[in-house]
Amino acid sequence: MTENESKEDLRAVPADQRSQGPNETMMISSAELAGKVAPGGAEKAKKIEGTPKLIGRSEAVAGRVYELTKTKTMIGRQDSNDIVIIDGTVSARHAQIVNDDGIWRVVNLISTNGTSVNGRTNVISYLAPGDLIAFGRVEMVFDAPESEPTVTARTARRLAPGRGGSDTSKAILWVAVGAGLLIVVGVAARLLGLI
């Protein structure tokens, strides 16, 4: 048996039934913990509109649906978590799912049995619709509405009349301003008896 096989076997044993931990050292930068850098790269992060949910797939959570409405959703075995999973492979405070302005990621909280997304174990993994997340041996699917490209707030401001938008927007604005001035001049002329 190789060293890696013994570690995998040890990780498969529920934490409360172990005589020792997996004896691994994880190097984690403060930027990774803050969510600013992630293994696998932020270029894979996709903005998701709407409210995603986790759909239980394993026996411990089969058929359960958990809506992710908070900015940070805590997952683990303790009752104080937002999503409580009663399973020996899930740590008391196992992971959290974080929403950063529509960019969703799962952060492993140095759990005993790890957190993986689509079979890849990282401290931080960005999420996309359909991803399979495993908390220990408990699997859930990250389900989110597929987003169509939307006009961002910055684009909307840029296209607004008078904000450097398209030539058509500018033309409409100037026609409206011109018409308004003509009306004001006409009303003023009548009041002064010039017309």
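Colleague: Is L194 buried or exposed in this model?

Modeller: The model is predicted. Exposed means over 50% relative accessible area. L194 has a relative accessible area of 67%, so this residue is exposed.

Colleague: In what order do the 6 strands of the open sheet come?

Modeller: The pairing in this sheet is antiparallel. Strand 2 (65-67) and strand 8 (120-121) are the edge strands, as each pairs on one side only. The order is 2-1-11-10-7-8.

Colleague: Which residues stand opposite L54 in strand 2 and in strand 11?

Modeller: Strand 1 (residues 53-56) is joined to strand 2 by 3 bridges, and the two run antiparallel. Strand 1 also pairs with strand 11 (residues 138-143) in the antiparallel sense, over 4 bridges. In strand 2 the bridge partner of L54 is Y66, and in strand 11 L54 stands opposite F142.

Colleague: Which residues of strand 1 make up the covered face, and which the uncovered one?

Modeller: In a regular strand the side chains alternate between the two faces of the sheet. In strand 1, L54 and G56 belong to the covered face. The uncovered face has K53 and I55.

Methods: Residues are numbered from 1 along each chain as its sequence is written. This is a predicted model: local features need pLDDT of at least 70, side-chain atom pairs count only at pLDDT 80 or more; totals for chains, interfaces and linings use all residues. Side-chain values use heavy atoms; hydrogens and water are left out. Two strands pair if DSSP finds at least two bridges between them. Buried means under 20% relative accessible area, exposed over 50%, partly exposed in between (1.4 Å probe, protein chains only).
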